[in-house]
Amino acid sequence: MNNNYEQRPQQRLLAFDTSTSSLAVAVMEDGRLLAERSMHAERDHSSLLVTAIKECLDAAGLSKRELTGIAAGVGPGSYTGIRIAVTTAKTLAWALRLPVYGVSSLEALALGGWAGASGQDAAKLGAWAAAPAEAGRAKPAAENRRYAGGHWIVPLVDARRGQAYTALFAAPASGGWPQRLAPDAIRLMDGWAGELLQRLTALEPQERPAAVWFVGETGKHEAAIGQLRSAALAPVHPVPYELEGIFMGMAGVKRLRTFPADEVHSLEPNYTQLAEAEAKRLRNG
């Protein structure tokens with residue numbers, strides 16, 4: 001690493017997410033976890049978040065004034081949950097005059113579910129998160145073949161009626177931070193599984209990922225996941241998972257290193273919309 005990176009002032013980031021039934025809070029110093037709180041909160045995010053933030057800061061030995069940034073999961077996920085996190089982040093950032101960073105909740109979910117299930121080293125993940133982005137910002141993966149022998153990661157948050165909030169990320173076999181291959185969106189799972197199957201089929205055997213990980217709220221989508229499993233083009237692993245503070249924290253650090261801060265007043269939840277073709281199919285189904 002270059003000297004500028006080594007001499008840069010330490011970044012102390014408060015990160016939290018309330019987009020699902022879990023509540024995840026972390027305090028990070030660059031890529032290193034100082035403290036975290038992770039719990040199953042159901043619909044109690046509004047009453048638990050402020051307390052969890054205070055507990056995290058106390059455990060880290062920091063005051064709010066010692067923070068250098070705030071990161072919040074902006075979704076997609078629960079409408080009410082997302083609003084709680086975004087409103088809290090904007091309030092803190094405005095009151096403390098700190099930069100605020102909107103983080104994809106699905107990216108944090110993908111990172112945590114995959115890291116735990118595949119045995120990734122947390123220290124390496126933290127270092128990858130804290131490293132400066134190439135040319136000032138990370139670029140989305142141009143195409144799937146870059147990740148031959150690596151891992152595909154598909155986060156899932158159930159959206160009812162056969163739908164899920166989902167995306168696609170890929171981690172190279174040589175190691176590194178997972179990069180995005182498909183945007184966050186609400187999708188009909190049967191169609192999404194079919195699209196993923198088409199992507200795999202279009203690749204030569206040596207170009208395919210070593211494994212495909214479905215992580216998050218997988219239970220209600222076993223049939224759709226089974227489409228890929230039965231095709232036997234790559235090992236498919238469903239991983240039920242609730243987001244943990246450390247991985248929300250790492251995703252927040254990566255966001256800080258990759259893109260400029262959001263403007264406090266314009267930070268908004270990412271509710272996502274069903275693609276028009278899928279909406280029509282759902283109406284006519």
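In which strand does Trp-152 lie? Trp-152 is located in strand β6, where strands (E, at least two residues) and helices (H or I, at least four) are DSSP runs numbered from the N terminus. The model examined here is predicted, so that local features are reported at pLDDT of at least 70 and side-chain atom pairs at pLDDT 80 or more, whereas totals for chains, interfaces and linings use all residues. Residues are numbered from 1 along each chain as its sequence is written, and side-chain values use heavy atoms, with hydrogens and water left out.

The protein contains 9 helices and 10 strands. Of its 285 residues, 53% are buried; buried denotes under 20% relative accessible area, exposed over 50%, and partly exposed the range in between, with a 1.4 Å probe and protein chains only. Among contacts (heavy atoms within 4.5 Å) with a separation of 6 or more, 71% involve residues 24 or more positions apart.

The largest nonpolar core comprises 40 residues. A nonpolar core is defined as a set of buried Ala, Val, Leu, Ile, Met, Phe, Trp, Tyr and Cys residues joined through side-chain atoms within 4.5 Å. The residues with the most contacts inside this largest core are Leu-111, Trp-114, Leu-125, Leu-243, Phe-247, Met-248 and Met-250. Because domain 1 (12-107 + 244-283) and domain 2 (138-240) both contribute residues, the core lies between them; the domain bounds come from an automatic or database domain assignment. Trp-114 touches, residues up to four places away in sequence not being counted, Gly-119, Gln-120, Leu-125, His-151, Ile-153, Ala-171, Pro-178, Trp-213 and Val-215. Another core, of 30 residues, lies apart from the largest one and includes Ala-52, Leu-57, Leu-62 and Leu-67.

Helix α8 is mostly covered, with 14 of its 14 residues buried. The expected span of a helix is taken as 1.5 Å times one less than its number of residues. For α8 this expectation is 20 Å, and the end C-alpha atoms are 20 Å apart, in agreement.

Trp-152 is buried, its relative accessible area being 1%. The C-alpha atoms of Trp-152 and Ala-211 are 6.4 Å apart in space, although the two residues are 59 residues apart in sequence. Gln-179 belongs to strand β8 (residues 179-188) and is likewise buried, at 16% relative accessible area. Between the C-alpha atoms of Gln-179 and Trp-152 the separation is 9.6 Å, for 27 residues along the chain. By contrast, Lys-54 in helix α2 (residues 45-60) is exposed, with a relative accessible area of 51%. Lys-54 and Lys-64, which are 10 residues apart in sequence, are 8.8 Å apart from C-alpha to C-alpha.

Ring interactions were assigned next. Rings of Phe, Tyr and Trp (its six-membered ring) were paired if their centres lie within 6.5 Å, with planes under 30 degrees apart counted as stacked, over 60 as edge-to-face and the rest as tilted. By this rule the count is 1 aromatic pair. This pair is formed by Tyr-79 and Tyr-271 and is tilted, with 4.5 Å from centre to centre and 35° between the planes. Since Tyr-79 lies in helix α3 (residues 79-96) and Tyr-271 in the loop between α8 (245-258) and α9 (276-284), the pair ties together parts that are 192 residues apart in sequence. Tyr-79 is partly exposed at 41% relative accessibility, and Tyr-271 is also partly exposed, at 25%.

A charge is considered to sit over a ring if NZ of Lys or CZ of Arg is within 6 Å of the ring centre and within 35 degrees of the ring normal. The charged end of Arg-187 sits over the ring of Trp-192, at 4.2 Å from its centre.

Backbone geometry was also examined. Most residues other than glycine have a negative phi, and most peptide bonds are trans. The peptide bond from Gly-75 to Pro-76 is cis, with omega near 5°, and Pro-76 is placed in the loop between β4 (69-73) and α3. Arg-160, in strand β6 (residues 151-160), has a positive phi of about 70° although it is not a glycine. Arg-161, in the loop between β6 and β7 (163-171), has a positive phi near 55°. Arg-160 is exposed at 62% relative accessible area, and Arg-161 is exposed at 65%.
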